[in-house]
Amino acid sequence: MTFTTPISETDIVRRNNVTISGNPTGRPIVFVHGFGCSQEMWRTVVPRFEDDHRVVLLDLVGAGGSDLTAYDPVKYDSLHGYADDVLEVLDALDLRDVVYVGHSVAATIGVLAETTDRSRFGALVLVGPSPRYIDDDGYSGGFERSDIDGLLDALDANYLGWSQTMAPVIMGNSDRPDLGRQLTDSFCTVDPEIARHFARVTFLSDNRRDFRAVRTPTVVLQCSDDVIAPTSVGRYVHEQIPTSRFVQLSATGHCPNLSAPDELADEIRSFLR
């Protein structure tokens with residue numbers, strides 16, 4: 001007989017480096033970062049919600065201040081592993097009616113968590129989401145398979161060099177090079193082996209069916225000139241989720257949490273009214 005030791009609330013909080021701020025009696029809002037990032041990516045957005053919300057930040061395992069010893073390549077060989085972590089955090093903190101804000105791949109992680117246990121969720125905010133990055137018959141994800149293979153090969157060959165080249169491209173806003181440097185610095189703090197694995201899981205996943213199963217009120221926040229998740233993908237996501245609305249931001253690039261925190265916060269607040 002096999003016995004499984006339950007994970008304590010303290011272990012879960014430590015594993016994901018959970019931090020809590022804001023109004024302890026306010027509606028919970030949970031911010032989750034994308035690939036190569038950490039909860040630091042939300043630092044200029046969070047203060048706009050702390051008066052009215054209980055703000056929860058976390059680091060996906062393998063990123064930021066998370067417990068790197070908890071990284072299990074088998075568990076995290078699917079985005080479902082991260083979605084399970086999110087649900088464990090919500091359960092440990094006993095959060096309900098949660099506003100989940102997920103950027104990039106964390107949007108998909110939030111969708112997987114919602115479709116597993118939607119009783120915890122009151123709203124989804126999907127920032128630059130993509131259910132599949134590779135083109136398919138009748139679907140334009142923004143990349144050919146050869147593009148993704150080349151990206152992953154370059155990442156494997158020299159992760160730090162790839163980060164220095166790709167982070168400014170992903171960020172966009174070439175007239176604001178400091179933003180590209182911030183994203184580069186974030187990428188460079190991630191363990192290269194974990195980054196390589198997470199990149200494969202991210203860019204090779206196909207979660208289109210999961211997006212169709214969402215029933216929680218949702219807003220899709222789409223930037224212009226986003227090389228990772230183009231507008232056509234954002235509109236596709238909106239079309240697949242019957243409870244969603246679509247907002248085209250004035251912000252450009254893939255990271256409005258850094259480049260346009262005021263606009264991003266305003267659109268989230270407008271959606272929650």
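**Close-up views of a predicted model**

**View 1. The largest cavity and its lining.** Of the 16 residues that line the largest cavity, Phe35, Ser104, Ile170, Phe187 and His254 lie nearest its centre. Helix H5 (159-171), helix H6 (177-188) and helix H7 (192-204) are the elements that each give two or more residues to this lining. By class, the lining holds eleven nonpolar, five polar and no charged residues. The space in the largest cavity comes to about 140 Å³, and the search of the whole structure finds three cavities of 30 Å³ or more. A cavity is a set of points on a 1 Å grid, over the protein atoms alone, where a 1.4 Å probe fits but cannot get out, and lining residues have an atom within 4 Å of a point. Points are joined across faces, edges and corners, and a volume is the space filled by probe spheres set on them. Ala, Val, Leu, Ile, Met, Phe, Trp, Tyr, Cys and Pro count as nonpolar, Asp, Glu, Lys and Arg as charged, and the others, Gly among them, as polar. Helices (H or I, at least four residues) and strands (E, at least two) are DSSP runs numbered from the N terminus.

The structure is a predicted model, in which local features need pLDDT of at least 70 and side-chain atom pairs count only at pLDDT 80 or more, while totals for chains, interfaces and linings use all residues. Residues are numbered from 1 along each chain as its sequence is written, and side-chain values use heavy atoms, with hydrogens and water left out.

**View 2. The second largest cavity.** About 80 Å³ of space lies in the second largest cavity. Its lining has 14 residues, and Gly62, Ala63, Val190, Ile194 and Phe198 are the closest to its centre. H7 gives the most to this lining, with three residues. Ten of the lining residues are nonpolar, four are polar and none is charged.

View 3. An α-helix has 3.6 residues a turn, so residues three or four places apart point the same way.

**View 4. Ser244 in strand S7.** Ser244 is found in strand S7 (residues 244-252) and counts as buried because its relative accessibility is 13%. Its side chain makes a polar contact with the side chain of His238 (2.8 Å). A polar contact is a pair of N or O atoms within 3.5 Å; within protein, one must be able to donate a hydrogen and the other to accept it, and residues adjacent in sequence count only if both atoms are side-chain atoms. A polar atom of the Ser244 side chain also lies 2.8 Å from the backbone oxygen of Ile241. Not counting residues up to four places away in sequence, Ser244 touches Thr218 and His238 (contact means heavy atoms within 4.5 Å).

**View 5. Gln222 in strand S6.** Gln222 has its place in strand S6 and is buried, with a relative accessible area of 0%. Leaving aside neighbours within four places in sequence, its contacts include Gly234, Phe246 and Gln248.

Conventions. 1 Å grid on protein atoms, 1.4 Å probe; cavity = no way out; pocket = protein on both sides within 12 Å on 5 of 7 lines; lining within 4 Å. Buried < 20%, exposed > 50% of the residue type's maximum accessible area, 1.4 Å probe, protein only.
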